[in-house]
Amino acid sequence: MSQIAVIGTGYVGLVTGTCFSDLGNTVICVDVVQEKVDRLKRGESPIYELGLEEMIQRNMKAGRLDFTTSYEDALKDAEFVFIAVGTPESPDGSADMRYVEAAARKIGQVAPGRSAEPLMIINKSTVPIGTGDVVGELVRKEAPAEFKFAVVSNPEFLREGQAVLDFLHPDRVVLGSDDRWAAERVRELYEPLDSPIVVTNIRTAEMIKYASNAILATYISFINEIALICESLGADVKEVAQGMGYDKRINAQFLNAGVGFGGSCFPKDVKALAHMAENGYARPQLLNAVLEINQDARRQFVNKVVKMLGGDVKGKRIGVLGLSFKPDTDDMRESPSIEVIDMLREKGACVQAYDPVAMQAAREWIEGVVYCADAYEVAKDADALLLITAWNEFKQLDMARIRDLMRNPILVDGRNVYDPKEVRELGFTYAGVGRP
């Protein structure tokens, strides 16, 4: 069992540290925000992630997991240190590397003297191609000449809402280093998971992460473009996607038309990859189209709502079901609901909304909205009801009761959750995405 330090307690860092402790390792997670560390020490997870809080409490009780603001405490006995800090989007679309660079400098200042064995420094954050070289240079600049270390890229492939499951049952583990022995040392941490392990050079590993997210985003934008064509020609995109999905060459999981992708990964990573391509004198035509189609999906959805309300939403009461960017998370970053609600409010609509988990987080992102206790309160006296996030809770609603509560039973289904025939028979005026 190994001594591990994890820098950063966001989605990636907290899940990584907690899961490694659950595998029997001793893990100390470090974060610069004292309030967050205090909360974690009480066994409270600052993010909503299925099964995570219980796992934090179990491993803290067993003495395998701890949290601190002190780099010195975290790195004192560490054999491995994971950098898992945020890389938010910069104004030009590139990844903001301030936090990664600060972590690398701190490692160089604090880690020397801990052990004669080389320290394995593992980039877990999503970082631009070449960051492994930068991290190595920053550590070397801060540390004494005799300090031994190696840098390994280990990109994460965690879905929010399923992150614990994805860590413990990964499709693959990617390890990249220009020191093969270092990648093999990190491989030992992952051997209990019994998953395919890809070992390559550091830049290829960094690119695998970006390319993976870019192709998934491309699937979503592709099916949304097909949905627009389906609407104009009278086809049903849901049945089209189902028919396509039987082809073993096509990943049907991401062929769900709707109001576009959001979250902390897809928008940011596609923009960052496009920015890197432009800086490398390549033309990211497809990547730019993916982003443009994603924005169009929100605008087209709002235009549909306006059309169904007679061309004017001013003074109309519109209910919104779902605020987080996808189910099973409270993450509001780049959520389609933000842009949809902003556009409706700019047109004069009054918006009331509900989300099973993300209500508190949404208040920090969306102003001027009436937040409701449940879906039925959202429907009360509404002129239209919009489904943005496909929580299972919304699939089980008493739709007859929803209809009776509404002033005008218009249902605009942004995720194609409802059966058009069934809801129309109940008296709704219904529109989905890419459906006739």
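I began with D331, which I found in the loop between β9 and α13. Helices here are DSSP runs of H or I with at least four residues, strands are runs of E with at least two, and both are numbered from the N terminus. The model is predicted, so local features need pLDDT of at least 70 and side-chain atom pairs count only at pLDDT 80 or more, while totals for chains, interfaces and linings use all residues. Residues are numbered from 1 along each chain as its sequence is written, and side-chain values use heavy atoms, with hydrogens and water left out.

**Entry: D331**

Is D331 buried or exposed? I read 6% relative accessibility, so D331 counts as buried. The cut-offs are under 20% relative accessible area for buried, over 50% for exposed and partly exposed in between, with a 1.4 Å probe and protein chains only. I then listed what D331 touches, leaving out residues up to four places away in sequence: Y11, E160, S264, S324 and F325. Contact means heavy atoms within 4.5 Å. I also checked E49, 282 residues from D331 along the chain. The C-alpha atoms of D331 and E49 are separated by 9.9 Å.

I stayed in the loop between β9 and α13 for E334. E334 is not a glycine, yet its phi is positive, about 60°. E334 is partly exposed, at 34% relative accessibility. I noted a positive phi of about 60° for D381 too, and D381 is not a glycine. D381 sits in the loop between α15 (375–379) and β12. Its relative accessible area is 30%, so D381 is partly exposed.

**Entry: the sheet**

What is the strand order in the open sheet of 6 strands? I traced β11-β10-β9-β12-β13-β14, with parallel pairing. The edges are β11 (370–371) and β14 (429–431); each has a single partner strand, so one side of each has no neighbour in the sheet. Two strands pair if DSSP finds at least two bridges between them. I looked at β9 (residues 317–321) and β10 (residues 350–354), which pair in the parallel sense over 5 bridges. L321 has Y354 in β10 as its bridge partner.

I next checked the helix α12 (residues 285–308), which packs on the sheet. α12 touches β9, β12 (384–387), β13 (410–413) and β14. The direction of α12 makes about 170° with that of β13. Helix α13 (residues 336–346) lies across β9, β10 and β12, at about 155° to β10. Axes are lines fitted to C-alpha atoms, for helices over the stretch in contact, and angles run from 0 to 180 degrees between N-to-C directions.

**Entry: T87**

I moved to the loop between β4 (80–83) and α5 (98–110), where T87 is found. T87 counts as buried, at 5% relative accessibility. A polar atom of the T87 side chain lies 2.8 Å from the backbone oxygen of T126. Which side chain makes a polar contact of 3.3 Å with that of T87? I found K268. A polar contact is a pair of N or O atoms within 3.5 Å; within protein, one must be able to donate a hydrogen and the other to accept it, and residues adjacent in sequence count only if both atoms are side-chain atoms. Leaving aside neighbours within four places in sequence, T87 is in contact with residues including A95, D96, M97, V100 and S125.

**Entry: aromatic rings**

How many aromatic pairs does the structure hold? I noted 8. Rings of Phe, Tyr and Trp (its six-membered ring) pair if their centres lie within 6.5 Å; planes under 30 degrees apart count as stacked, over 60 as edge-to-face and the rest as tilted. F254 and F266 form a tilted pair, 6.4 Å centre to centre and 45° between the planes. F254 is in the loop between α10 (237–245) and α11 (266–279) and F266 is in helix α11, so the pair ties together parts 12 residues apart in sequence. F254 is buried at 17%, and F266 is buried at 14%. The rings of F261 and F266 have centres 6.0 Å apart and planes at 75°, so this pair is edge-to-face. F261 is buried, with a relative accessible area of 4%. I also logged one aromatic cluster, formed by F20, F82, F167 and Y190.
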